[in-house]
Amino acid sequence: MKKQTQMENFIRNLPKVELHLHIEGTFEPELMFKIARRNGIKLSYQSVEELKTVYNFSDLQDFLDIYYAGANALQTEQDFYDLTMSYFEKIYRQNVIHTEIMFDPQTHTNRGIPFETIIKGIHRAQKDAEKKFGISSNLIMSFLRNLSAKSAFETLEQASDYKEWITAVGLDSSEIGHPPSKFKDVFKEARKQGYLLVAHAGEEGPPEYVWEALNILEVNRIDHGNRSLEDEKLIAELAARKMPLTVCPLSNVKLRNVEKIENHPIKKMLDYRLMATVNSDDPAYFGGYINENFLAIVRALNLTKEHVFQLVKNAVDASFMNKADKEATSNNLEKYFKQHND
Ligand code: ADE
Ligand code: ZN
């Protein structure tokens with residue numbers, strides 16, 4: 001078999017773990033039209049093809065405007081179920097065995113959708129996917145950082161009846177001008193209540209935001225973290241702490257944080273011994289799910305099977321699985337790698 005095809009098969013068949021995924025970012029245009037139609041909502045575009053023409057983003061905010069507009073079509077518990085289930089169907093075909101899904105409650109509660117409608121739909125799909133596909137998952141509730149800390153506190157309060165369904169809280173949306181320190185108190189309260197913590201930092205924002213996420217929010221993982229590479233001390237700190245970075249290669253190119261995939265810093269991150277992982281972020285908008293992200297970096301950066309294995313192993317180790325599941329997954333992955341590394 002040709003070397004290229006062999007590598008592609010290796011990536012496709014490898015059991016994988018995804019740690020950075022916005023469920024609203026999996027809303028494929030076809031499903032968006034279907035759900036909008038059944039809810040009697042008129043989208044601003046006439047067709048799937050017309051909608052796709054606007055998926056050419058100049059930066060994060062330009063993308064977010066389109067992403068939030070798309071999410072407006074979601075109204076009922078069944079809509080959130082269908083959205084989540086269709087993501088699980090996709091990743092089942094890509095051999096993802098565990099995923100940690102972010103959802104943005106405020107995107108929906110601020111337009112009158114009850115918190116319970118959102119979470120019950122997502123949770124039911126998680127349960128069904130475990131039964132049907134054997135995929136385990138955790139849920140991460142993300143606060144929109146362009147909104148106030150007070151609004152984040154209200155969201156934390158709304159989640160209180162569903163605490164056992166939510167593993168961690170996160171921080172996403174427009175980064176610049178909204179530093180992690182703005183959410184110091186609500187993250188402290190979330191930690192007190194037993195949630196694990198993640199935050200987007202260093203996607204567009206400066207290294208200082210990554211420092212704040214580490215030292216003020218005391219997060220367990222950094223989402224993205226690319227701009228950490230501008231600060232040598234920060235690189236050393238992230239490496240010393242074995243702090244996971246949930247990196248999203250196709251997202252970085254689509255949102256123009258990296259000029260082209262050949263310039264992507266993920267190989268550099270591994271060279272610095274940073275705990276980088278590969279993720280799809282908003283796959284319906286950025287041109288691919290986890291396999292497409294792996295394929296893109298492997299081709300552009302000439303990565304080896306060892307690199308790919310390290311990236312997946314990092315994701316297992318950085319996941320919020322319980323200790324026994326993590327050990328079993330790690331052992332299975334190692335066994336798989338030994339059998340297929342020829
Ligand atoms: N919400 C969805 N995708 C996001 C991203 N890449 N950065 C910040 N917030 C987001
Ligand atoms: Zn993200």
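Which backbone oxygen lies 3.1 Å from a polar atom of the side chain of Gln-75? I looked, and the oxygen belongs to Asn-72. I count a polar contact as a pair of N or O atoms within 3.5 Å; within protein, one must be able to donate a hydrogen and the other to accept it, and residues adjacent in sequence count only if both atoms are side-chain atoms.

Ground rules. I'm working from a predicted model, where local features need pLDDT of at least 70, side-chain atom pairs count only at pLDDT 80 or more, and totals for chains, interfaces and linings use all residues. Residues are numbered from 1 along each chain as written, chains are lettered from A and ligands numbered from 1 in written order, and side-chain values use heavy atoms, without hydrogens and water.

More on Gln-75. I found Gln-75 in the loop between helix H4 (60-71) and helix H5 (77-93); helices (at least four residues) and strands (at least two) are DSSP runs, numbered from the N terminus. Gln-75 is partly exposed, with a relative accessible area of 31% (buried is under 20%, exposed over 50%, partly exposed in between, with a 1.4 Å probe and protein chains only). Leaving aside neighbours within four places in sequence, Gln-75 is in contact (heavy atoms within 4.5 Å) with Asn-39, Ile-41, Arg-111, Ile-113 and Thr-117.

Zinc next. I listed the protein donors of the zinc ion (ligand 2) as His-20, His-22, His-200 and Asp-281, 2.0 to 2.2 Å away. Donors are N, O and S atoms within 2.8 Å of the metal (3.2 Å for Na, K and Ca); water is not among the atoms, so sites may look incomplete. His-22 sits in strand E1 (residues 16-22) and His-200 in strand E5 (residues 196-201), so this pair ties together parts 178 residues apart in sequence. Both His-22 and His-200 are buried.

Then ligand 1. I checked its nitrogen contacts: a polar side-chain atom of Asp-282 lies 2.7 Å from a nitrogen atom of ligand 1, and one of Asp-281 lies 2.8 Å from a nitrogen atom of the ligand. The protein covers 100% of the 270 Å² of accessible area that ligand 1 has on its own (Shrake-Rupley method, 1.4 Å probe; for residues, only the protein chains shown count as cover).

Back to Asp-281. I placed Asp-281 in the loop between strand E8 (275-278) and helix H14 (283-286), and at 2% relative accessibility it counts as buried. Asp-281 has a positive phi of about 65° although it is not a glycine. Most residues other than glycine have a negative phi.
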